[in-house]
Amino acid sequence: MPLDIYAEEIISNYEHPHNKGKIDSPSVKLHENNPVCGDDITIYCAIKGDRLEDVKFEGDGCAISMGTASMLTDFVKGKSLSEIERMDLNTIKELIGMDPGPARVKCATLALKTLKGSLFLYQHKEPDASTKEL
Amino acid sequence: MAGIDVSKIKQDFPILNRVINGKRLVYLDSAATSQKPKQVIEKIKDYYENYNANIHRGIYKISEEATEAYIDSKRAASKFINSSSYNEIIYTKNATDSINLVALSWGEQNIKSGDHIMISEMEHHSNIVPWQMLAKRKGAVLDFVRVNDDLTSLDKDSLAENLDKCPKIVALTQVSNVLGTINDIRGISREAHSRGAMVLVDGAQSTPHMPVDVKDLGADFFVASSHKMLGPAGLGILYASSKVLEEMPPLIGGGDMILTVEKERSTWNTIPWKFEAGTANIEGGIGFGAAIEYLNSVGMSRIREHEKEITRYALEMIEGIKNVRAYGYPANNIKDKAGVISFTIDGVHPHDVATIFDSDGVAIRAGHHCAMPLVKSVLHLPAVSRMSFYIYNDERDVDAAVEAIKKTKTIFKKV
């Protein structure tokens with residue numbers, strides 16, 4: 001596998017993550033993990049109207065999962081919920097500038113999957129929304 | 001004892017000619033599965049091309065040949081682990097299947113509510129889950145012997161404490177697939193027997209790498225997997241003495257495991273066939289026979305010595321690199337250790353380590369290694385990276401791994 005996956009930006013986001021931490025009294029929060037790798041993430045959202053005003057995450061995992069979480073939370077902040085709902089693997093590919101490949105796709109999409117799950121939960125109050133694959 | 005000629009051995013393994021990402025394949029994941037020499041591949045091809053037939057139906061030539069080759073493989077397996085006869089060798093799907101057979105047949109018959117079953121914290125899931133399931137069914141108690149604080153071996157006090165609970169069965173791995181620890185099975189089984197326990201030895205990680213003698217170990221049950229021993233996947237061994245096997249009820253019903261079938265009842269075949277219902281994994285058995293022949297030709301004592309040397313070399317190389325930790329090797333002590341090194345690089349997730357290794361053609365495993373209680377509750381880590389060695393690995397392979405560690409450290413700035 002070529003090493004494009006470890007682009008400078010991913011590594012610097014992994015080593016110096018943005019939006020890491022909690023939001024006090026979030027509109028919604030959701031915990032997800034990837035039991036095979038042990039990647040683990042909690043996403044906190046502050047939602048106002050149709051907009052994601054603020055988003056933070058806590059978690060542990062590989063550079064791909066945590067670096068992507070950092071980049072994604074930067075990218076979605078201030079966007080409308082409907083816009084975020086339309087995001088998929090292609091959004092991640094564009095964001096990180098490459099295709100994570102089958103071995104690491106679950107790592108790269110963990111944050112988006114959790115974010116979308118939390119928005120679904122917020123809108124439908126259904127607790128198992130997060131299990132949907134991207 | 002002369003060392004083994006690894007460069008010559010490498011030539012027997014066609015897969016080692018593969019180029020991955022522009023680099024030669026360096027295979028350091030033999031604890032997961034071993035590569036196959038051309039002698040094994042040829043043997044299976046020869047079966048398919050020349051005497052493919054069902055066994056135990058020897059009315060025509062090729063069926064006789066297939067049956068003979070299958071039984072020859074059992075004879076070789078029996079000799080390989082020093083059982084008294086091939087009747088004591090049951091072929092299963094793999095070591096997991098073998099342990100499940102014991103838990104479901106012997107366990108179902110012998111374990112009662114309140115009985116103790118003793119395993120350890122360093123077991124592979126295959127030697128945990130079948131006992132958990134049995135304990136749940138029967139209301140029995142599953143006890144875990146702790147791993148000592150320096151992660152080198154089983155804790156002596158915990159061992160004594162749990163043996164004093166007089167378990168009905170003690171099921172332990174001979175070699176840990178994460179820490180490489182070689183347990184003192186001989187000593188433990190003596191203690192266990194004196195308290196009336198049966199002893200099951202998980203030999204999945206030992207049988208491929210060192211001489212194994214079920215009598216010397218005091219194993220009432222012994223399990224191993226062909227695919228970790230240069231043989232094909234889908235073929236495992238269960239050993240138990242004739243006496244024990246005679247008393248165990250069959251688990252799976254069907255063809256071959258019976259002598260007679262009437263509408264209302266059936267009678268069982270003799271051992272080992274009583275436990276092998278349906279058409280066997282014939283090519284698997286025959287290929288496994290060739291794998292044993294190959295291992296014998298190299299010599300198990302020489303394999304053990306070779307792996308000690310390469311492990312020693314790898315530890316020395318790793319020790320010199322800052323922020324790299326190997327688990328269970330205080331002072332690089334390789335006594336009582338098999339060729340398995342689990343390690344982490346500070347600040348880098350083990351999966352990232354494995355991906356970067358792969359970019360150099362170096363295959364290692366990262367994860368919990370099917371030993372979640374050990375990795376998560378004893379090591380307190382989400383995952384570790386692991387390199388494991390076999391007869392086709394040499395110092396150059398270790399050097400490639402060391403280069404990959406250095407590369408990882410250049411990619412992650414904080415390390």
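Pro272(B) lies in the loop that connects strand E12 (266-268) with helix H10 (282-298) of chain B, where helices (H or I, at least four residues) and strands (E, at least two) are DSSP runs that are numbered from the N terminus. The peptide bond that joins Ile271(B) to Pro272(B) is cis, with an omega of about 0 degrees. The model is a predicted one, in which local features need pLDDT of at least 70 and side-chain atom pairs count only at pLDDT 80 or more, while totals for chains, interfaces and linings use all residues. Residues are numbered from 1 along each chain as its sequence is written, and chains are lettered from A and ligands numbered from 1 in the order in which they are written.

**Backbone features in loops of chain B**

- Most residues other than glycine have a negative phi, and most peptide bonds are trans.
- Asn21(B), a residue other than glycine, has a positive phi near 50 degrees, and its place is in the loop between strand E1 (19-20) and strand E2 (23-24) of chain B.
- Asn21(B) counts as partly exposed because it has 13 C-beta neighbours inside 10 Å; a residue is buried if 20 or more other C-beta atoms lie within 10 Å of its own, exposed if 12 or fewer, and partly exposed in between, with C-beta atoms placed from the backbone.
- His380(B) also has a positive phi, near 55 degrees, and is found in the loop between helix H13 (372-378) and E17 of chain B.
- With 7 other C-beta atoms within 10 Å, His380(B) is exposed.

**A sheet in chain B and the helices across it**

- An open sheet in chain B is formed by four strands in the order E13-E14-E17-E16, with antiparallel pairing; two strands pair if DSSP finds at least two bridges between them.
- Strand E13 (324-326) and strand E16 (365-367) of chain B stand at the edges and have a single partner strand each, so one side of each is left without a neighbour in the sheet.
- Neighbouring strands of this sheet are turned by 30 degrees against each other on average, direction ignored.
- E13(B) pairs with strand E14 (residues 340-345) of chain B in the antiparallel sense over three bridges, and Val324(B) stands opposite Ile345(B) in E14(B).
- Helix H11 (residues 300-319) of chain B lies across E13, E14 and strand E17 (384-388) of chain B and runs at about 15 degrees to E14(B); axes are lines fitted to C-alpha atoms, for helices over the stretch in contact, and angles run from 0 to 180 degrees between N-to-C directions.
- Helix H12 (residues 350-359) of chain B lies across E14, E16 and E17 of chain B, and runs at about 160 degrees to E16(B).

**Two packed helices in chain A**

- Helix H4 (residues 89-96) of chain A packs with helix H5 (residues 101-124) of chain A at an angle of about 115 degrees, and their axes are 10 Å apart.
- On the side of H4(A) the contact is made by Leu89(A), Thr91(A), Ile92(A) and Ile96(A), and on the side of H5(A) by Ala108(A), Thr109(A) and Leu112(A); two residues are in contact if their C-beta atoms, placed from the backbone, lie within 7 Å.
- The residues of this contact divide into five nonpolar, two polar and no charged, where Ala, Val, Leu, Ile, Met, Phe, Trp, Tyr, Cys and Pro count as nonpolar, Asp, Glu, Lys and Arg as charged, and the others, Gly among them, as polar.

- Chain A has five helices and three strands, and from the N terminus on its elements run α-β-β-β-α-α-α-α.
- The radius of gyration of chain A is 14 Å, close to the 14 Å that the globule rule gives for 134 residues, so chain A is as compact as a globular protein of that length; this radius is taken over C-alpha atoms, and the globule rule is 2.2 Å times the number of residues to the power 0.38.
- Of the 134 residues of chain A, 39% count as buried, and in chain B buried residues make up 50% of the 415 residues.
- Chain B has 14 helices and 17 strands, and its C-alpha atoms fill a box of roughly 75 × 55 × 40 Å along the principal axes.

**Where the chains meet**

- In chain A, 15 residues are in contact with 15 residues of chain B, and the side of chain A that touches chain B has 10 nonpolar, two polar and three charged residues.
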